[in-house]
Amino acid sequence: MSDLGTTLPRTTPPIPGGRRRRVAAQTRIELLLTLRRGESVLLTFAIPVLLLGFFSKVDILPTGADPIGFLFPGILALAVMSTAMVSLAIATGFERQLGVLKRLGVTPLRRGELLAAKTLAIVLIEILQVLILTAEAYLLGWRPHDPAVLALIGAMLLGTVAFAGLGLLMAGVLPALTTLAAANGLYLVLLLLGGMIVPLAKLPAPLRALSRALPAGALSDACRGALTLGTVPTHAWIVLACWAVLAPIIAAATFRWE
Amino acid sequence: MSAIEVDGLVVRYGKLTAVNRASFHADLGTVVALLGPNGAGKTSTVETLEGFRRPAAGSVRVLGLDPVADRALLAPRIGVMLQEGGVYPGIRPLEMLRLYAAFFPNPDDPEALLDRVGLTHRRTSTWRQLSGGEQQRLALALALIGRPEVAFLDEPTAGIDVSGRQLIRQIVRDLATAGVAVLLTTHDLEEAEKVADRVVIIDHGHVVVEGTPTELMTSTGSEEIRFGAPPGLDTAALGKVLTAPVDELTAGEYRVSAPPTPNNVAALTAWLAERDLPLADLRAGRQRLEDIFLALTDITGEHRAITVDDPAVDDVPGESTAGDRRRTRDRRAGQRRRRGDGPASGNGRPDRPDRGAA
């Protein structure tokens with residue numbers, strides 16, 4: 001086999017920029033396919049925009065004197081949850097079931113590179129969500145008061161890791177359709193119990209304690225703290241950090257590629 | 001060293017043994033067909049070579065590398081076509097090819113490849129809008145985009161129409177001409193006969209027999225006559241006339257264990273004529289691959305010509321003598337393909353003897 005002039009050299013040398021090229025191509029496809037899926041655009045863009053617009057104008061939620069000031073941080077948390085958990089879980093669940101991940105496994109794209117591409121795509125979509133939602137909030141009369149921007153970004157990144165871990169946990173174990181149902185169900189539960197549009201203070205005490213221990217409640221608290229108090233509460237950091245460590249570890253341990 | 005080496009491979013799923021001490025090899029520039037009924041262990045063998053599972057015993061090598069341990073080195077040099085799927089439902093053919101092209105160091109041109117598999121007119125459709133045959137064509141193109149040295153094609157023509165079948169066979173032949181080692185699985189005998197340089201028949205995880213289609217058809221067919229006639233003939237009476245055992249293999253399909261001499265054939269037809277019985281077909285000497293296949297595997301469920309679990313496997317007619325012939329021929333063929341190049345053992349490993357049908 002040392003005789004094949006038409007093919008590659010025997011030991012393929014690492015191509016400079018090969019890793020970056022692979023990750024860039026995969027990220028581009030992840031973005032393209034996410035934005036092409038109608039249900040994904042509905043979930044990650046339309047619903048947060050509609051919820052923010054509707055409840056800041058229609059005063060039926062106990063959001064206090066400053067509805068938009070309460071809602072905007074909660075909707076940012078919702079945006080993170082919808083992209084990093086629901087959208088990722090559904091897409092990955094079907095990719096696993098349809099053999100897409102298996103097929104990628106025999107290309108030169110490494111697992112770490114696939115993970116990097118998925119992470120990059122999620123972060124880029126979140127940036128787009130934040131830009132759109134911030135513009136909308138501004139139009140609705142929201143004004144920043146000395147926001148802790150770095151803390152906000154840090155909390156959203158931690159939340160992204162935690163939710164992505166939960167999403168991959170579902171996608172890696174359950175059949176695709178079950179993942180779809182579970183992710184959407186969890187989305188609805190956490191929307192109501194996560195302090196996103198309903199203040200945690202309005203929940204019964206045991207439920208409130210539970211909510212604060214969940215990543216949704218912690219991320220809402222963190223976003224609201226960063227935007228209204230200029231600081232993220234310590235308990236929110238702790239809860240987010242725990243989920244951000246545990247969920248991906250469990251997901252990695254249980255993920256079945258086929 | 002062969003491009004693909006399978007040596008005493010055992011694959012187990014829990015208690016089930018899917019592949020049991022299978023050995024065969026494939027050289028660069030040849031097409032090897034892994035032929036067997038469903039559940040024979042074809043896919044398990046191929047997926048072990050692709051690195052999806054580890055052997056329970058024995059070893060596999062692709063281009064001298066371990067598919068699992070050397071994945072990073074091997075992935076750029078192999079092309080894979082899974083039995084189904086593997087593509088994003090919402091992606092367009094050219095987008096998928098460009099994505100894969102970006103993974104490989106020296107890829108083929110996506111547009112040219114799309115044209116070669118006859119999908120240019122479907123470039124704006126998404127995967128889920130393609131027909132089954134079109135999806136197969138794209139899957140084949142994805143296996144070739146990286147200009148592989150070794151291609152694994154798992155049932156490449158399953159569920160595809162006649163023109164698609166011919167196109168895929170042509171592409172497979174072209175790959176071999178270009179020096180690629182192709183291992184394909186099929187349960188389509190005609191396909192193995194038409195496209196493969198060598199056929200490895202596998203059943204219940206065992207390699208039952210191996211050789212070129214011509215060798216298989218002549219070596220095991222020389223000492224018998226096969227014919228089709230109404231079911232339920234008095235085989236004992238016929239056997240007395242022919243002085244050789246006669247078996248009804250399946251209903252209406254008979255085998256006379258006697259050489260196909262003109263005398264024997266005449267005696268057979270005379271016997272049928274006396275009883276006014278029709279002769280559906282008669283095959284003497286050269287058999288169709290299908291006969292070999294049916295004789296060596298038990299897919300009819302009605303008989304079992306050989307029992308692969310016991311030493312009788314060594315008693316396949318013509319096997320032991322044909323083995324040596326086969327080996328010599330293969331080596332000669334290999335040398336023809338390697339003409340004008342350096343020694344085959346150029347990478348420091350001793351050239352291993354061809355295992356033949358062992």
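## A walk through a predicted two-chain model

B:Thr212 is found in the loop between β9 (206-211) and α8 (213-219) of chain B, where helices (H or I, at least four residues) and strands (E, at least two) are DSSP runs numbered from the N terminus. The model is a predicted one, in which local features need pLDDT of at least 70 and side-chain atom pairs count only at pLDDT 80 or more, while totals for chains, interfaces and linings use all residues. Residues are numbered from 1 along each chain as its sequence is written, and chains are lettered from A and ligands numbered from 1 in the order in which they are written.

With 18 other C-beta atoms within 10 Å, B:Thr212 is partly exposed; a residue is called buried if 20 or more other C-beta atoms lie within 10 Å of its own, exposed if 12 or fewer, and partly exposed in between, with C-beta atoms placed from the backbone. Leaving aside neighbours within four places in sequence, B:Thr212 is in contact with B:Asp197 and B:Arg198, a contact being a pair of residues whose C-beta atoms, placed from the backbone, lie within 7 Å. B:Ala196 is 16 residues away from B:Thr212 in sequence, and the two C-alpha atoms are 7.7 Å apart in space.

Two other loop residues of chain B deserve a look for their backbone angles. Most residues other than glycine have a negative phi. B:Glu155, in the loop between β6 (150-154) and α6 (162-177) of chain B, has instead a positive phi, near 50°, and it counts as buried, with 22 C-beta neighbours inside 10 Å. B:Asp276, in the loop between α10 (262-274) and β13 (281-284) of chain B, also is not a glycine and has a positive phi of about 60°, but B:Asp276 counts as exposed, with 6 C-beta neighbours inside 10 Å.

The strands of chain B can be followed next. Three of them form an open sheet in the order β2-β1-β4, with antiparallel pairing, where two strands pair if DSSP finds at least two bridges between them. Because β2 (16-26) and β4 (57-62) of chain B stand at the edges with a single partner strand each, one side of each is left without a neighbour in the sheet. Neighbouring strands of this sheet are turned by 25° against each other on average, direction ignored. Strand β1 (residues 4-13) of chain B is joined to β2(B) by seven bridges, and B:Leu9 stands opposite B:Ala22 in β2(B). Helix α1 (residues 42-49) of chain B packs on the sheet and touches β1, β2 and β4 of chain B, its direction making about 115° with that of β1(B); axes are lines fitted to C-alpha atoms, for helices over the stretch in contact, and angles run from 0 to 180 degrees between N-to-C directions.

Further along chain B, β11 (residues 246-250) and β12 (residues 253-256) run antiparallel and are joined by four bridges. They form a hairpin with two residues between them, and B:Gly252 in the turn has a positive phi of about 85°. B:Thr250 stands opposite B:Glu253 in β12(B).

Chain A, by comparison, has ten helices and zero strands. Its C-alpha atoms fill a box of roughly 80 × 35 × 35 Å, taken along the principal axes. For 258 residues a compact globule would have a radius of gyration near 18 Å, and the 20 Å of chain A agrees with this; the radius is taken over C-alpha atoms, and the globule rule is 2.2 Å times the number of residues to the power 0.38. Buried residues make up 45% of the 258 residues in chain A. Among its contacts between residues at least 6 apart in sequence, 79% join residues at least 24 apart.

One pair of helices illustrates the packing in chain A. Helix α6 (residues 149-173) and helix α9 (residues 215-229) of chain A pack at an angle of about 170°, with their axes 9 Å apart. That makes α6(A) roughly antiparallel to α9(A), since angles under 35 degrees count as roughly parallel, over 145 as roughly antiparallel, 65 to 115 as roughly perpendicular and the rest as oblique. Residues making the contact include A:Ala155, A:Gly159 and A:Phe163 of α6(A) and A:Leu219, A:Ala222 and A:Cys223 of α9(A).

The nonpolar core remains, defined as a set of buried Ala, Val, Leu, Ile, Met, Phe, Trp, Tyr and Cys residues joined through C-beta atoms within 7 Å. The largest one has 152 residues, and those with the most contacts inside it are A:Met81, A:Leu240 and B:Val182. Its largest share, 18 residues, comes from helix α3 (residues 67-97) of chain A. Apart from this core lies another, of nine residues, among them B:Ile225 and B:Val256.

Notes: Contact = placed C-beta atoms within 7 Å.
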